[in-house]
Amino acid sequence: MRSVKTGMLSPLLRSAVTTAAAAAIAAGALAGCARASAAGAADCSRYQYSAGSVTNPDQPHTGKFKLVLILLDLSSNAPGTAATITQDLSPYLQAAVDDGAYVKVDADGGSGTQVASPGCFGGSQPFLVTRANQVAQQKTQASAVNALDGILKGFIQSVKVSPHGSASRLLQGAPEQVSALRANAPYPAGPVQVILWSNLLGNTGASDCLNVNGMPGTQAYAQAIARRCFSEGQLAPLPGAALDILGVGTGAVNDQQSLLANDLASALCGEYGGDCRAFPA
Amino acid sequence: MARTARRPAGTRHAAVWASLAVALCAGCTGRGASASPDAPAASRQLPSVQPGQQAPITGFIAGPEGPHVSVPASYLFSLDSAVIRPAAVTGLRKLLPAIRSSSGAVMIYGYTDGLGTVAHNKLLSRERADAVAQWLISNHIDPRRVHPEGKGEATSAIDPAQRRVEIVLK
């Protein structure tokens, strides 16, 4: 049987064959990329709970899953900032995979950008890692946190950051986000933890209650800022939620910025009331 | 009208493969499903914050343990620091006459509020008390009289007014 050699094809047909082959190879490779991306999402499912999940008989899951809402007010998308943020959030992610929690992440790069969420952190399925034996469980829990850290780190560096911004947009949306998470939770949802990562050095405009540009760096002013946020209805309470404020004063270049950011964190905790903690950078 | 010369077949095929390579590189970023295209490295501008007016240090007033003065931590130290600010020295000097004219122990208590961890605040309050003690000793107050102590969190609440150093003359 005579084999068909492309050299024997007409130039037009030869070109068409080459192009078709190139397209087929590209489609295959890009499908591989899509599978890799989907595998990235599928990797998250390894760390998520479903009714049919393998459980550890020594550590059965009962009760409700915590609702964790992480708000990232990104004043920088530099690798160093991404590393700092993921380090600060790591204990919360560890608790999520160890004990079970829905985790939603919203990130705000500032004015003119949109609030974005990374894959795996939509909060629609709870994280929980349990395995039939303790050794496998601990190993998988550790790799889960590593994987989730990596996703967050890459995501932070991909967020467009504007020269102007503040934490107010994220905090304004928080009550609604919490309600939506609870309403859409496929498994019973329990206590709420809100984590705000922000340097609290907003620099938007006068209408934004968390703009501190041009403000005096005094405790009294910080308290007035926080009071205004609530009296004007720009911020609303988070009833029943624990609030942690991390990264306060990150990037500050002088004392007055640091002091104001920390005093503002204190004042916001005072206004939010309940279980509120703030941690300086 | 001049006609564009056709490229040799080999060159055309090379162009196809080159395009393929570019498409592969551009298409497979390995990012998550919700990620946006690469963003340029950027940081937010820092706001301009005016220095706050610091209240002057008051003198010693009578107290249950003896004359005492409470100095705001923000007057003496930068945030999270135990190094006395140069600007605070003027106010501290005003306390020296009363300390020198007394003969008993000089108790120095450092306090923080609930901002941060308990362990860190305990250490910071001790370091700050030590810093004031060292400053007094360097200004010829008998070291045997000086007793610094870190009290840690005066309250678990976040209340900047609690961040202070108290000096008590016993």
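Which cysteine does a disulfide join to A:Cys44? I began my notebook with this, and I found that the partner is A:Cys120, with 1.4 Å from S to S; I took a disulfide to be a pair of cysteine sulfur atoms within 2.5 Å. Before going on I noted that this is a predicted model, in which local features need pLDDT of at least 70, side-chain atom pairs count only at pLDDT 80 or more, and totals for chains, interfaces and linings use all residues. Residues are numbered from 1 along each chain as its sequence is written, chains are lettered from A and ligands numbered from 1 in the order in which they are written, and side-chain values use heavy atoms, with hydrogens and water left out.

**Entry 1: disulfides**

I counted three disulfides over all chains. The link of A:Cys44 and A:Cys120 is right-handed, with 85° about the S-S bond. This pair links distant parts of the chain, for A:Cys44 is in helix H1 of chain A and A:Cys120 is in the loop between strand E2 (101–108) and helix H3 (134–158) of chain A, 76 residues apart. For these elements I used DSSP runs numbered from the N terminus, with helices (H or I) of at least four residues and strands (E) of at least two. I then looked up the accessibility of A:Cys44, which counts as buried at 3%; buried means under 20% relative accessible area, exposed over 50%, and partly exposed in between, with a 1.4 Å probe and protein chains only.

Next I turned to A:Cys209 and A:Cys229, which form a disulfide with their sulfur atoms 2.1 Å apart. The torsion about their S-S bond is about 100°, so this disulfide is right-handed. A:Cys209 lies in the loop between strand E3 (189–197) and H5 of chain A, while A:Cys229 lies in helix H5 of chain A, so the pair ties together parts that are 20 residues apart in sequence. Both A:Cys209 and A:Cys229 are buried.

I also looked at A:Cys269 and A:Cys276, whose sulfur atoms are 2.0 Å apart in a disulfide. Here the torsion about the S-S bond is about -65°, so the link is left-handed, and I noted that both A:Cys269 and A:Cys276 are buried.

**Entry 2: aromatic rings**

A pair of aromatic rings is described by the distance of the centres and the angle of the planes. I let rings of Phe, Tyr and Trp (its six-membered ring) pair if their centres lie within 6.5 Å, with planes under 30 degrees apart counted as stacked, over 60 as edge-to-face and the rest as tilted. By this rule I counted six aromatic pairs over all chains. One of them is the tilted pair of A:Tyr49 and A:Phe65, at 5.0 Å centre to centre and with 50° between the planes. The pair links distant parts of the chain, with A:Tyr49 in the loop between helix H1 (11–46) and strand E1 (65–73) of chain A and A:Phe65 in strand E1 of chain A, 16 residues apart. A:Tyr49 counts as buried at 15% relative accessibility, and A:Phe65 counts as buried at 1%.

I then found A:Phe230 and A:Tyr272 in an edge-to-face pair, 5.0 Å centre to centre, with 90° between the planes. They too link distant parts of the chain, since A:Phe230 is in helix H5 (residues 219–231) of chain A and A:Tyr272 is in helix H6 (residues 255–272) of chain A, 42 residues apart. Both A:Phe230 and A:Tyr272 are buried. Returning to A:Tyr49 and A:Phe65, I saw that ring pairs link them with A:Tyr102 and A:Tyr187 into a cluster.

**Entry 3: the sheet of chain A**

In what order do the five strands of the open sheet in chain A stand? I read the order as E2-E1-E3-E4-E5, with parallel pairing, where two strands pair if DSSP finds at least two bridges between them. The edge strands are E2 and strand E5 (276–280) of chain A, and each pairs on one side only. I noted that E1(A) and E3(A) pair in the parallel sense over seven bridges, and that A:Val68 stands opposite A:Gln193 in E3(A).
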